Amino acid sequence: FGGYSSARLYKVFNGEDWKTNTLMTAMLYPGVIFVVFFVLNLFIWGQKSSGAVPFTTMFALLVLWFGISVPLVFLGSYFGFRREAIELPVRTNHVPRQIPSQAWFMQPLPRQIPSQAW
């Protein structure tokens with residue numbers, strides 16, 4: 001679902017570099033999560049704790065990631081880029097409208113004070 005939805009959304013913004021979009025979808029978020037998990041597990045290994053995840057399990061996670069997740073992202077991205085771009089349900093006006101000035105209590109600092117009091 002990740003590859004398909006990212007491809008469709010990328011087409012809405014007239015993206016041209018579909019390969020980078022697909023690679024980032026497949027690698028960026030899962031890669032960051034895996035690296036954080038692996039580094040934290042290194043600290044647990046360093047303490048010789050029995051709660052550390054074994055290396056074979058970490059390797060199995062990598063195999064599952066690159067063997068199942070990445071190909072499915074590429075497959076979903078392929079089907080997503082073949083479909084037409086999502087048509088947005090609104091029309092934007094090319095003539096900019098005037099935005100009135102805000103009252104003093106709508107500025108960022110006065111809005112934060114009541115919310116921090118709770």
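Q: How many aromatic pairs does the structure hold?
A: This is a predicted model, and it holds 7 aromatic pairs.

Q: What makes tyrosine 10 and phenylalanine 81 an aromatic pair, and what kind is it?
A: Ring centres have to lie within 6.5 Å to pair, and these two are 6.2 Å apart, centre to centre. Then check the angle: over 60 degrees counts as edge-to-face. The planes of tyrosine 10 and phenylalanine 81 are at 85°, so the pair is edge-to-face.

Q: Which parts of the chain does this pair link?
A: Distant ones: tyrosine 10 sits in helix α1 (residues 2–12) and phenylalanine 81 in helix α3 (residues 55–82), 71 residues apart.

Q: Why is tyrosine 10 called partly exposed?
A: Buried means under 20% relative accessible area and exposed means over 50%. Tyrosine 10 has 24%, so it falls in between and counts as partly exposed.

Q: Why is the pair of tryptophan 18 and phenylalanine 81 called edge-to-face?
A: Their ring centres are 6.2 Å apart, and their planes are at 65°. That angle is over 60 degrees, so edge-to-face it is.

Q: Where is tryptophan 18 in the chain, and why does it count as partly exposed?
A: Tryptophan 18 is in helix α2 (residues 18–46), 63 residues apart from phenylalanine 81 in helix α3. Its relative accessibility is 44%, which lies between the 20% and 50% cut-offs, so tryptophan 18 counts as partly exposed.

Q: Which residues do ring pairs link into a cluster?
A: Phe34, Phe38, Trp45, Trp65 and Phe66.

Q: Which residues of α1 are buried, and what do they pack against?
A: Gly3, Ser6, Ala7, Arg8 and Val12 are the buried ones, and they pack against α2 and α3. Just after α1, asparagine 14 takes a positive phi of about 60°.

Q: What makes up the largest nonpolar core?
A: It has 7 residues: Ala26, Phe34, Val53, Met58, Trp65, Val70 and Val73. α2 and α3 each supply at least two residues of this core, and α3 gives the most, with 4 residues. Leaving out residues up to four places away in sequence, valine 70 touches Ala26, Met27 and Trp65.

Q: Which residues form a nonpolar patch on the surface?
A: Met24, Leu28, Val32, Val35, Val36, Val39, Leu40, Leu42 and Phe43, with about 840 Å² of accessible area together. One of them, valine 35, is in helix α2.

How values were computed. Residues are numbered from 1 along each chain as its sequence is written. This is a predicted model: local features need pLDDT of at least 70, side-chain atom pairs count only at pLDDT 80 or more; totals for chains, interfaces and linings use all residues. Side-chain values use heavy atoms; hydrogens and water are left out. Rings of Phe, Tyr and Trp (its six-membered ring) pair if their centres lie within 6.5 Å; planes under 30 degrees apart count as stacked, over 60 as edge-to-face and the rest as tilted. Buried means under 20% relative accessible area, exposed over 50%, partly exposed in between (1.4 Å probe, protein chains only). Contact means heavy atoms within 4.5 Å. Patches are made of residues with over 30% relative accessible area and no salt bridge: like charges are joined within 9 Å, nonpolar side chains (Val, Leu, Ile, Met, Phe, Trp, Tyr) within 5 Å. Accessible areas come from the Shrake-Rupley method with a 1.4 Å probe; for residues, only the protein chains shown count as cover. A salt bridge is a side-chain nitrogen of Lys or Arg within 4 Å of a carboxyl oxygen of Asp or Glu. A nonpolar core is a set of buried Ala, Val, Leu, Ile, Met, Phe, Trp, Tyr and Cys residues joined through side-chain atoms within 4.5 Å.
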